[in-house]
Amino acid sequence: MARRLVLRGAAGLGMVATGWAALGIGGANAPHRVPAAAPGAGSPAGSPAAPAPAGGAPPEGVSGVRVRPATAYRLQPMTAYSPPKYRPMRPPVRSRPFLRLDADTRGMVLTFDDGPDPRYTPEVLRVLRRYDVRAMFFVVGEMADAHRDLVRRVMDEGHVVGNHSWSHPLMTRLSPTRIREELTRTSEVIEEAAGEPPRWYRAPYGAWNGVSFKIGAELGMEPLAWTVDTLDWRAGASAHRIARAVIDGAGPGVVVLSHDAGGNRRASVLALRSYLPALLDSGHSITLPPEPGGRRPSS
């Protein structure tokens, strides 16, 4: 009886070994199989043998290693099959910024600079949403980097996010290298936060020069200035004066400059609550400029 059990066990082990051999497991067909080195054979006693590399020749001093060569498929990352990101056509280098929309444009554009600011930007967004109006927000890179959620929210609610430099310097006093840094860093943050790069930029204080026009175009952006300055950046500016400036200057193609950051902008928010419904009631429409290349921003 005992002898019969021993014979059955031996037969079973033989079948398992045969199956392994048929699958290429074990023996000379086993990839990455390194026999244990005896002490003193190429390495000090007790030290582990060098691991086999992922491909190519076996490690020095180790024989009998069969390494499966790397294939081109294994070397290609999955991202190699992803479609390339959409990049808009580079605009021409301008010699001056746009001050207003084309004469045949019936609507006017509201723009807000220096944000995003968690104190005022959400309030501006609430007013715009109440009246179903889209606007442009020219963000400062430092602020955008600190409040990326607001940048994303501005874009998600259908507004346009523009580049207003990284630290709000006077561009005309900067070297070409610094100008490129100011605009590039801000565009990168906007793209990371909002999912696409900006198509418009505005120089701080409205101070452009030839270098800034050239670099802006290289980054795929058009320069946009303004027609009406609400002067809400002045100390002591009142909501009444800000609203009066917008209403008096309203007209087809007009671009209005306001601020949602850079100081106490409570008066700017109060003014928006006053002049926006007044503009709409008077028959004015609020619009966005056509995107460079002819694409209109989604709303």
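Is Arg244 buried, partly exposed or exposed? I looked this up first: Arg244 is partly exposed, at 40% relative accessibility. My cut-offs are under 20% relative accessible area for buried, over 50% for exposed and partly exposed in between, with a 1.4 Å probe and protein chains only.

**Ground rules.** This is a predicted model, where local features need pLDDT of at least 70, side-chain atom pairs count only at pLDDT 80 or more, and totals for chains, interfaces and linings use all residues. Residues are numbered from 1 along each chain as its sequence is written, and side-chain values use heavy atoms, with hydrogens and water left out.

**Overall.** I count nine helices and seven strands in the chain. Helices (H or I, at least four residues) and strands (E, at least two) are DSSP runs, numbered from the N terminus. Of the 299 residues, 39% are buried. I then checked contacts, meaning heavy atoms within 4.5 Å. Among those between residues at least 6 apart in sequence, 75% join residues at least 24 apart.

**Helix α8.** Arg244 sits in this helix. Its C-alpha lies 8.5 Å from that of Thr230, 14 residues away in sequence. Which residues of α8 are buried? In α8 (residues 239-249) I find Ile242, Ala243 and Val246. They share one side of α8, because they cover an arc of only 95° around the axis. The arc is taken from the directions from the helix axis to the C-beta atoms. An α-helix has 3.6 residues a turn, so residues three or four places apart point the same way. On the face turned away from the buried side I see the exposed residues His240, Arg241 and Asp248. The cover over the buried residues of α8 includes β7 (255-259) and α9 (266-281).

**Helix α5.** I repeated the check on α5 (residues 148-156). Here Leu150, Val151, Val154 and Met155 are buried. Their arc around the axis is only 140°, which puts them on the same side of α5. Asp149 and Asp156 are exposed on the face turned away from it. What covers the buried residues of α5? The cover includes α3 (121-130), β2 (136-139), α4 (141-146), β3 (160-163) and α6 (176-194). After α5 comes Gly158, with a positive phi near 95°.

**Aromatic pairs.** I searched the whole structure and got four. Rings of Phe, Tyr and Trp (its six-membered ring) pair if their centres lie within 6.5 Å; planes under 30 degrees apart count as stacked, over 60 as edge-to-face and the rest as tilted. Phe98 and Trp200 are edge-to-face, 6.2 Å centre to centre with 75° between the planes. Phe98 is in the loop between α2 (72-75) and β1 (109-113) and Trp200 is in strand β4 (residues 200-201), so the pair ties together parts 102 residues apart in sequence. Phe98 is partly exposed, at 30% relative accessible area. Trp200 is buried, at 8%. The pair Tyr201 and Trp208 is also edge-to-face, because the ring centres are 6.4 Å apart and the planes are at 70°. Both of these residues are buried. Ring pairs join Tyr201, Trp208 and Phe213 into a cluster.

**Second largest pocket.** A pocket is an open set of points on a 1 Å grid over the protein atoms alone, where a 1.4 Å probe fits, with protein on both sides within 12 Å along at least five of seven lines; lining residues have an atom within 4 Å of a point. I read a volume of about 300 Å³, the space filled by probe spheres set on the points. The lining has 20 residues, with Phe98, Trp200, Pro290, Glu291 and Pro292 nearest the centre.

**Met221.** I place Met221 in the loop between α7 (210-218) and β5 (222-223). Met221 is buried, at 1% relative accessibility. Beyond its neighbours within four places in sequence, its contacts include Pro91, Trp200 and Tyr201.

Most residues other than glycine have a negative phi, and most peptide bonds are trans. The bond from Gly115 to Pro116 is cis, with omega near 0°. Asp114 is not a glycine, yet its phi is positive, about 80°. Asp114 lies in the loop between β1 and α3 and is buried, at 12%. Tyr205 also has a positive phi, near 65°. Tyr205 belongs to the loop between β4 and α7 and is exposed, at 57%.
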